[in-house]
Amino acid sequence: GKLLWKEANFAHHWFSVAPDGTIYTPAHQLAESPLMLGETKKQIRCNKGKIYSDVILKVSPEGETLKTIPIIDLLVANGLVGLLTDSRQPCDALHLNYVDYVTRELAEQIPGLEEGDLIVSLRHINTLLAIDRETDSVKWRMTGHTIAQHSPRLQADGGIIVFDNYGGHSELGGSRVVRLDYGSDQLQEVYPRRDSASGVDFFSSYAGVIDLHPDGQRGLVSVTEQGRILELDLKTGQLLWEYTNNHDLGSYPGHVGDKKGVSSRLWTNGAWYVRRPAFLDS
């Protein structure tokens with residue numbers, strides 16, 4: 001329980017930890033509004049006066065910031081300025097919500113990727129990117145196949161499993177888990193599938209987190225707003241088991257704890273397979 005370090009750096013959402021313990025995390029910085037987009041006349045304009053300008057922070061195992069990657073600047077430099085004009089929320093133009101680190105094991109099996117490349121999700125422009133570790137150039141982009149997505153997780157065969165918040169069938173809840181193929185624009189539904197699911201209510205407008213089992217066959221899916229965790233067979237889409245996060249509010253302190261005997265289903269902001277990080281053994 002000893003606190004090793006802490007750093008107020010406006011980190012948010014979910015981060016990845018490289019095998020050597022280096023952390024790659026989304027973080028906020030503020031930019032003045034209006035924000036000019038490169039050398040164009042186009043601007044991002046927020047009536048609140050400040051714009052959330054998302055960055056990726058590379059943080060050492062001791063908490064020192066080693067590198068900052070500004071995502072708006074990266075898109076402009078890669079000729080993708082047009083994506084920024086399509087944001088649904090100009091005050092939070094990108095809403096970077098996940099950074100997935102490409103390990104050596106994955107890079108050796110997926111042509112076009114190198115160890116240290118990053119797979120990221122930009123919710124408010126419905127976009128996924130693969131970013132080069134050294135040049136910060138965009139190696140691959142997929143836009144418009146998902147809606148307000150979260151949690152891209154790279155598999156050894158080049159598949160990227162994603163929680164697609166609004167891209168699912170309305171009769172099955174409205175969200176879905178999909179598989180994208182790195183280097184292409186192919187998409188496959190994993191769960192729920194219209195041809196095999198009935199009576200399913202699968203939806204979370206916010207969040208939605210996926211963790212992959214080391215065997216590459218299974219995944220834990222947190223349906224955040226519904227307070228549920230599912231384990232899925234990622235090949236067949238079969239639901240293996242489900243957990244609902246119900247709690248007696250009487251056990252909580254303060255005003256909430258006055259509701260003795262009242263049960264509530266609380267949000268699930270993630271579930272993970274437990275495995276020992278490699279950097280702890282070094």
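I took a salt bridge to be a side-chain nitrogen of Lys or Arg within 4 Å of a carboxyl oxygen of Asp or Glu. I was working on a predicted model, in which local features need pLDDT of at least 70, side-chain atom pairs count only at pLDDT 80 or more, and totals for chains, interfaces and linings use all residues. Residues are numbered from 1 along each chain as its sequence is written, and side-chain values use heavy atoms, with hydrogens and water left out.

**Entry 1, salt bridges.** By this rule I count 17 salt bridges. I looked up Asp136 and Lys67, whose side chains meet in a salt bridge at 3.2 Å, N to O. This pair links distant parts of the chain, 69 residues apart, with Asp136 in the loop between β9 and β10 (138–143) and Lys67 in strand β6 (residues 65–70); I use helices (H or I, at least four residues) and strands (E, at least two) as DSSP runs, numbered from the N terminus. For exposure, I call a residue buried under 20% relative accessible area, exposed over 50% and partly exposed in between (1.4 Å probe, protein chains only). Lys67 is partly exposed, with a relative accessible area of 28%.

I then turned to Lys139 and Asp132, whose side chains form a salt bridge at 3.6 Å, N to O. Lys139 counts as partly exposed at 29% relative accessibility, whereas Asp132, at 15%, counts as buried. I also noted that Asp157, Arg179, Asp181 and Lys235 are joined into one network by salt bridges that share partners.

I define a nonpolar core as a set of buried Ala, Val, Leu, Ile, Met, Phe, Trp, Tyr and Cys residues joined through side-chain atoms within 4.5 Å. Which members of the largest core touch the most others? Of its 27 residues, they are Ile56, Ile71, Leu75 and Leu118. Helix α1 gives the most to this core, with four residues. A second, separate core of 16 residues includes Ile110, Leu154, Val178 and Leu180.

With contact meaning heavy atoms within 4.5 Å, I listed the partners of Leu75, not counting residues up to four places away in sequence, and found among them Leu80, Leu94, Leu122 and Leu129.
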